[in-house]
Amino acid sequence: GYLGEVAMKTIILTLFSTLVLSAASVGSNSDKQKQEVMAAMEAYKNAMTHNDSAAIAKLLADDLTYVHSNGMVESKNDVIQSLVTGKAAVDRIEFLPDTEVRIHGKIAYVAGKEDLWHPKSIVHMHVLHVWEKTPQGWQLTARQATRLAK
């Protein structure tokens, strides 16, 4: 009868509302994670441009693979030493508007064009940064840079 129909409509509406709300919370959680990852990217940029080896040490995973646009591969210790010695002097890093963040569980992929201002040159690249959510926060586990043609 009528009450059964009302009860069924109520159940269906409740289920539908629950699905919509859970989908919304997944979306907002993903957005929150993307914001966290971009905050980590900003912290990385600031540490690199200010030669802050203590800050960069916290952001880099112990098993980091860091590939430069010239093909050189560095470990976490290599990157820190390059900062300490000034070998990796970077005046400015700019992530261009095409930068995209994708979240896959505890892994985030940040890909896009990036300009690196060294004291005597500007390098235009496409860079893939791979971040992992750890108990210490987001840490960079891999970086692959490709120099763009002029």
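The model is predicted. Its largest pocket holds about 320 Å³ of space. One aromatic pair is present.

**Largest pocket**
- The lining comprises 20 residues, and those closest to the pocket centre are His 68, Met 72, Ala 88, Leu 116 and His 118.
- By class, 11 lining residues are nonpolar, five are polar and four are charged.
- At least two lining residues come from each of helix 1 (2-49), helix 3 (76-85), strand 6 (122-134) and strand 7 (137-147).

**Helix 3**
- The buried residues of helix 3 are Lys 76, Val 79, Ile 80, Ser 82 and Leu 83.
- Viewed down the helix axis, these buried residues fall within an arc of 155°, so they line one face of helix 3.
- An α-helix has 3.6 residues a turn, so residues three or four places apart point the same way.
- Asn 77, Val 84 and Thr 85 are exposed, on the face of helix 3 turned away from its buried side.
- Gly 86 follows helix 3 and has a positive phi, near 85°.

**Aromatic contacts**
- Tyr 44 and Trp 131 form the aromatic pair: their ring centres are 6.4 Å apart and their planes stand at 85°, so the geometry is edge-to-face.
- Tyr 44 belongs to helix 1 and Trp 131 to strand 6, so the pair ties together parts 87 residues apart in sequence.
- Tyr 44 and Trp 131 are both buried.
- Arg 92 sits over the face of Trp 117, at 3.9 Å from the ring centre.

Conventions. Residues numbered from 1 in each chain as written. Predicted model: local features only at pLDDT ≥ 70, side-chain atom pairs only at ≥ 80, totals over all residues. Heavy atoms only, no water. 1 Å grid on protein atoms, 1.4 Å probe; cavity = no way out; pocket = protein on both sides within 12 Å on 5 of 7 lines; lining within 4 Å. Points joined across faces, edges and corners; volume = space filled by probe spheres on them. Helix = DSSP H or I, 4+ residues; strand = E, 2+ residues; numbered from the N terminus. Nonpolar A, V, L, I, M, F, W, Y, C, P; charged D, E, K, R; others polar. Buried < 20%, exposed > 50% of the residue type's maximum accessible area, 1.4 Å probe, protein only. Arc of directions from axis to C-beta. Phe/Tyr/Trp six-rings, centres within 6.5 Å; stacked < 30°, edge-to-face > 60°. Lys NZ or Arg CZ within 6 Å of the ring centre and 35° of its normal.
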